[in-house]
Each structure stands twice: as C-alpha cells, then as structure tokens.
Amino acid sequence: MTLALIDPIAPAEEPACRSGSARRPSELLSRDGAHDVVVPIPDGFELDFGGTLNQKQVVGRLHGKAGAPLIVVAGGISADRYVHRTETKGLGWWSGAVGVRAPIDLTRFRVLAFDFAPEFGEGVKDARTPLTITTQDQARLLALLLDHLGVDKVAAFIGCSYGGMIALAFGELFPDWAEQLVVVSAAHRPHPLATAWRGIQRRILQLGLDTGRIDQAVGLARELAMTTYRTPDEFGDRFDSEAPSHAGQAYPVCDYLTARGRAYRDRTTPSRWLSLSDSIDRHRVEPEAITAPVTLVGFTTDRLCPIDDMRELAARLPNLWRFEQHPSLYGHDAFLKEDALVADILTSVLKDIDQ
C-alpha cells in the first residue's frame, strides 16, 4: 500500500538559501520500504518566467534502506516517482538500474524520485494553457522535498535525459547540496535540430487541442518522438522495408509506431506534454557554475543529445570526474536499454559512497 506522508517537524518553506549548519533528518528517512512524501508548495513559489503553479504540492517517493545515503534519481519527461517495482504500479520506469542488488542497490542506498510539474494523474484537471516551467523550477521543487526531509547532503543525483537537465540545474542552483552529479544523455542546452523535432510534436498536440482530436494528436506526436529516440540502424534491423500491396496501407514500421502512440495516450495530456517539451527547449545552465564532481555518460549515436554537445559540456565543467562515451544501437534510449553497460558505470561511480 502506498502511504502519502507529511512530516510535521519540517517546514514547507521554499529553500531560497541554505545555511551551512547541519539539518536534523526527518523521521521519514528512518522508515523502511517505499512510501510517498507529499510536501505543500508555498504560496510565494514563483516560476522563473512568471506565474505560479496550480498544483498545491510536490510528491516524491522514497525507496530502499532506511537511514542509508540518499540518491536522487530522475528520468525523461515520461518518468515519475515510481522508479522501482511496486505492487500497484508494476515495473518502475528504471527497474533495470534501481532495485535490490541492482546497480543502485536498495539494500545499500535510500532513493528519492519525484513527479515533475505540472502534476498529472487521477483527479487532476488538465489545464488548457501550457505551463512555462524551467529545469531550474523543477530543481527548486526537488529542493522543497529535500528541505522537508532534512537532507543535508545528497550522496548522488543521477539524472537521465530531462532528469539530467534537472540535475545540472540543481548543481547550478545548489552547488553544495549534492556530493556528485551523474548526468546521462543531457547537456547544458538543447540542440536546435532536437528543438525542431519537438516543435513539430508540439504543433501536432496544439492541433489536437484546437480540433478536439486529443487522443489522435497524442498518439501521432508520440510516433514522431519514437523516431527520434532510436537510431536508423535499429529501425533497419527490426523492420522489413517491403511495400504493402496498395497505397494508403501501413508499412511494418508504421504499425509499430501506431501501437506505441496508442499505448502512450493514458501516460500524459497534451498540455502537460507541451509544458515539459517546452521546458526541455528552454533549458540553459552555465557549466562553469557547477562545482560538484560530475560524471557524464553520452552515446555517440544519440541524435537528441548529440555527443558533441556533451563534449562541450565536459570541456566547460570545472570539476569533471569522468566522461563515458559509448556507441549504442538504441540512441537516446540507451540508458533504458543498455542494462549491462549502464550497470557497470553506475556500480563504479557509486562504489565509494560511505555507508
């Protein structure tokens, strides 16, 4: 059963600055097992580009060993706080990396994942107007959770894709809060070609809102997105290029994409997707401002986050710890598909964290 816990000993004020004194850890950190943590968002919480959030709370989920070193994990825009297998949600979005005896070992670490704003789920009314939100805004929402939990130090912040952008923004805003950052398939800025692809997706979604064909728009935008996540080599290996008998009939690759688009319709709403897609393209950090040790993991076949952008980031970081560059058949999705490679990197990066 999922428990939504609010700790009465910790204030829910926005952490505009943090003192150097040690904080008293919340008793929530001493509870074994997985449970939700719900923190009210202060009325004065303003977004970078103006305006406020309609939602009243930020929700995180703690997994793993009570009292152990805390690791924050964040993924792509489809990710949520269910990073690990649960009874009610099935497989988490990164169960290959987070679990008992997994690279991010729940017998050794406490893991915190959280839901990105804008909120989504049962009982949440979808806004017609997209929210203008930055990766820095998401980092400050995470800071509310950490402040509430009384976390003085994060042993590591591991972010992939959009989550990697948030990790970089967190390192920029709160340079002393994380002992290290592990950034996978994310750079300090988006590439213009990736922005172009996402821009087409956003126009499809907006057309769906304007015409009332929301399910079709979400499905079609997801189909286009899938073609950017993977590589031409993977598509060439998987799909027969033989033409159907008549014009207008689907090719095998089209059947696959249609199925993926249909499966995504209950995973988001058009306005939330518009908000998070725009947030990716609004992302900017100054690498020189990130003083925590950083491990970068990039894939040479990634078209959404080109390896040259990650090489520029690596060159500008003042405390680059290591930079892993690897080919992958899976392109941008490699962090979800290359389990053995990712496991080796994470195990090496986390091996020296004190218990």
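Is Cys160 buried or exposed? Select Cys160 in this predicted model: with a relative accessible area of 0%, Cys160 is buried, since burial here requires a value under 20%. The structure as a whole holds 0 disulfides. Next, move to Cys254, which is partly exposed, with a relative accessible area of 33%.

Now turn to the helices. Select helix H1, residues 135–149, together with helix H2, residues 162–173, whose axes come within 8 Å and cross at roughly 75 degrees; H1 and H2 are therefore roughly perpendicular to each other. To display the contact, show the side of H1 that includes Thr135, Gln136, Arg140, Leu142 and Leu146, and on H2 residues including Tyr162, Met165, Phe170, Glu172 and Leu173.

For the last stop, select helix H3, residues 192–211, and helix H4, residues 214–229, whose axes come within 7 Å and cross at roughly 170 degrees. H3 and H4 are therefore roughly antiparallel to each other. Among the residues that make their contact are Trp197, Ile200, Gln201, Gly208 and Leu209 of H3, and Ile214, Val218, Leu220, Leu224 and Thr228 of H4. Colouring by class, you will find 12 nonpolar and 3 polar residues in the contact of H3 with H4, and no charged ones.

Note on methods. Residues numbered from 1 in each chain as written. Predicted model: local features only at pLDDT ≥ 70, side-chain atom pairs only at ≥ 80, totals over all residues. Heavy atoms only, no water. Axes fitted to C-alpha atoms, helices over the stretch in contact; angles between N-to-C directions. Helix = DSSP H or I, 4+ residues; strand = E, 2+ residues; numbered from the N terminus. Parallel < 35°, antiparallel > 145°, perpendicular 65-115°, else oblique. Contact = heavy atoms within 4.5 Å. Nonpolar A, V, L, I, M, F, W, Y, C, P; charged D, E, K, R; others polar. Disulfide = S-S within 2.5 Å. Buried < 20%, exposed > 50% of the residue type's maximum accessible area, 1.4 Å probe, protein only.
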